[in-house]
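The sequence and structure come first.

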Amino acid sequence: PEDTKELRALVRSELKRADFKMVHKSLWRSKRDISKEFTEVIRPANSGNWVRVFIGQEIPSSPLTTKS
């Protein structure tokens, strides 16, 4: 949302500071779990309507990660 431009800039800054890499325009990834710290940054801004945090893990023997 345009009215949250400053907050979006803060979120991007925090993601970069935490060594996240942009996968797609609005999708970031990291091998580190900073969900607790990140939640502390976004919660006061009441951004729950447009910020989602997902935690996942790689499946080592997945066909998507296995080289032929």
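Is Asp 19 buried, partly exposed or exposed, going by its relative accessibility? Asp 19 counts as partly exposed, at 48% relative accessibility. The model is a predicted one.

## Salt bridges

The count of salt bridges is two. Side chains of opposite charge can pair when their charged atoms come close.

Asp 19 takes part in a salt bridge with Lys 21, in which the closest N and O atoms are 3.0 Å apart. Lys 21 is partly exposed, with a relative accessible area of 47%.

Glu 14 and Arg 17 form a salt bridge through their side chains, with 2.8 Å from N to O. Glu 14 and Arg 17 both belong to helix 1 and sit three residues apart, so about one helical turn separates them. Glu 14 is buried, with a relative accessible area of 17%, because the cut-off for buried is under 20%. Arg 17 is exposed, with a relative accessible area of 60%.

## The largest pocket

The largest pocket holds about 1100 Å³ of space. Its lining is made up of 27 residues. Those nearest the centre of the pocket are Phe 20, Leu 27, Trp 28, Arg 29 and Phe 54. Helix 1 (5–17), strand 2 (27–29) and helix 2 (35–42) are the elements that give two or more residues to this lining. Helix 1 supplies the largest share, four residues.

By residue class, the lining of the largest pocket has 13 nonpolar, nine charged and five polar residues.

Key
Residues numbered from 1 in each chain as written. Predicted model: local features only at pLDDT ≥ 70, side-chain atom pairs only at ≥ 80, totals over all residues. Heavy atoms only, no water. 1 Å grid on protein atoms, 1.4 Å probe; cavity = no way out; pocket = protein on both sides within 12 Å on 5 of 7 lines; lining within 4 Å. Points joined across faces, edges and corners; volume = space filled by probe spheres on them. Nonpolar A, V, L, I, M, F, W, Y, C, P; charged D, E, K, R; others polar. Salt bridge = Lys/Arg side-chain N within 4 Å of Asp/Glu carboxyl O. Buried < 20%, exposed > 50% of the residue type's maximum accessible area, 1.4 Å probe, protein only.
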